[in-house]
Amino acid sequence: MPVASSMKTISLSSKAALGGSLSHRRRAAAVARAPLRTRASVEVEGTGGSASAASTATIKIGTRGSPLALAQAYMTRDLLKAAHPDLAEEGALEIVVIKTTGDKVLSQPLADIGGKGLFTKEIDEALLDGRIDIAVHSMKDVPTYLPEGTVLNCNLPREDVRDAFVCLKHGSLSELPETAVIGSASLRRQSQLLNKHPSFEVVNFRGNVQSRLRKLNEGVVDATLLAYAGLKRLGLTEHVTSLLSTDEMLPAIAQGAIGIANRTGDTKLEEYLSALNHEDTRIAVVCERAFLAALDGSCRTPIAGHAHRDENGDMQFRGLVASPDGTQIVEASRTGAMTIEDALKIGKEAGEEIRANAGPELEQWQQQVPEW
């Protein structure tokens, strides 16, 4: 997918913590109250001057720069254009690429360098400072807390939540040799793999989808597991050997879901984004994130969960926590109404049940991170 010529790469400094000082929060509020940019006479960044003939985007869409993140940002742009004729005008929308800490440090597991916020922190700062107007996130990367001054009430329709098995020589996990080496940086995948296949070796395998596929082709590992949603959005499903059912591999919290954040109080953008929101996805994600929050989950804990509407219209939820070596797994499940209220209740109760059943061992599992 071609990158628009108006896209800029910007480097960000950490001028304020995500919660922000009082002055930072006031600035964010002021930015939210300001009207959207007009497309006339603007400062041209890096030239030291202005150009009356230059144009600027009405709405700047912030995203990471990976191929998958860009595909999701362009999807958001196209949906906004389709839903709002005024945004279909030339220059009304601009993609802004922001490099996050998680994109820069690829040699270590996420657990060792700070967890999920590493893929969102710099983007959130740009949103609060007004350098972007909305932020497009993979919801599985978003911490259970949101920075003060931001809201995330828009979720696009969820993609297939299953994990894909990718291998050049074997058709399924069961066909792999007992000493197979699996590439994955996910503790969730590692623990569930080792629970069923304790003789497998799981090695750190970070990087974007394309780089992981390249390493597989180079023979670095025998197989890998990737989110099927990402492969579909990138048009790379031809690499899928087979799909794992959610019974075989319970997905990550919010896997396959895209969220779009904006500044609190920015009513115009909230109006734009409300047309894109898929309520069933939002409710399911709220349930899964409530489960994660109840467990105080992070990238240091193998946690999985999936909520969805069943054939009767009710919400079904199943979640688990495991030891990193896969020797112990604690599960919980719930059924309720497909509402935000029940989603919050179900997720919290399931998390509290697992916390009670796991007992002190849960904290021990959080410390058993492999030294890759």
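Reader: How many disulfides are there by the rule used, and what makes a pair of cysteines one?
Author: The count comes to zero disulfides.

Reader: Is Cys154 called buried or exposed, and why?
Author: The relative accessibility of Cys154 is 2%. Buried means under 20%, so Cys154 counts as buried.

Reader: Does Cys167 count as buried or exposed, and what is the value behind that?
Author: Cys167 has a relative accessibility of 9%. The cut-off is under 20%, so Cys167 counts as buried. Cys167 also stands opposite Ala223 in strand E11.

Reader: What makes E11 a mostly covered strand?
Author: Five of its five residues are buried. Ala223, Leu225 and Ala227 point one way from E11, Thr224 and Leu226 point the other way, and all are buried.

Reader: Which way does E8 run relative to E11, parallel or antiparallel, and how do you know that the two strands pair?
Author: E8 and E11 run antiparallel and are joined by five bridges. Pairing requires at least two bridges, so these strands pair.

Reader: In which sense do E9 and E11 pair, and over how many bridges?
Author: E9 and E11 pair in the parallel sense, over two bridges. At least two are required, so the pairing of E9 and E11 meets the rule. In E11, Ala223 is the bridge partner of Ile182.

Reader: Why is helix H6 described as largely enclosed?
Author: Helix H6 covers residues 187-196, and eight of its ten residues are buried, so the rest of the structure largely encloses it. The buried residues are Leu187, Arg188, Arg189, Gln190, Ser191, Gln192, Leu193 and Leu194.

Reader: What covers the buried residues of H6?
Author: The cover includes strands E8 (163-167), E9 (181-183), E10 (201-203) and E11 (223-227), together with E14 and E15.

Reader: Why is H5 said to be largely enclosed?
Author: Eight of the nine residues of H5 are buried, so the rest of the structure largely encloses this helix. Its buried residues are Glu122, Ile123, Asp124, Glu125, Ala126, Leu127, Leu128 and Asp129. Just after H5, Gly130 takes a positive phi of about 85°.

Reader: What makes a set of residues a nonpolar core, and how many residues has the largest one?
Author: Its members are buried residues of the nonpolar kinds, joined through side-chain atoms within 4.5 Å. The largest core has 35 residues, and Ile132, Phe291 and Met315 have the most contacts inside it. Elements that each supply at least two residues include strand E5 (93-98), helix H5 (121-129), helix H10 (279-294) and helix H11 (340-358). H10 gives the largest share, six residues. A second, separate core has 21 residues, among them Ala73, Leu93, Val97 and Leu276.

Reader: Which residues does Phe291 touch?
Author: Beyond four places in sequence, Phe291 touches several residues, including Ile253, Ile303, Phe317, Leu320 and Ile354.

Reader: Where is Glu288, and is it buried or exposed?
Author: Glu288 is in helix H10. Its relative accessibility is 0%, so Glu288 counts as buried. Leaving aside neighbours within four places in sequence, its contacts include Arg158, Ala254, His306 and Phe317.

Reader: What is the phi of Ala254, and where does this residue lie?
Author: The phi of Ala254 is near 65°, a positive value in a residue other than glycine. Most residues other than glycine have a negative phi. Ala254 lies in the loop between strand E12 (242-244) and E13. At 0% relative accessibility, Ala254 counts as buried.

Reader: What is the mean pLDDT of the chain, and which strands have the lowest and highest values?
Author: The mean pLDDT is 83, and 77% of the residues reach 70 or more. Over residues 1-24 the pLDDT is below 50, and over residues 38-56 it stays under 50. Where pLDDT is low, the predicted coordinates should not be read in detail.

Technical notes. Residues numbered from 1 in each chain as written. Predicted model: local features only at pLDDT ≥ 70, side-chain atom pairs only at ≥ 80, totals over all residues. Heavy atoms only, no water. Buried < 20%, exposed > 50% of the residue type's maximum accessible area, 1.4 Å probe, protein only. Helix = DSSP H or I, 4+ residues; strand = E, 2+ residues; numbered from the N terminus. Contact = heavy atoms within 4.5 Å. Disulfide = S-S within 2.5 Å. pLDDT = per-residue confidence, 0-100.
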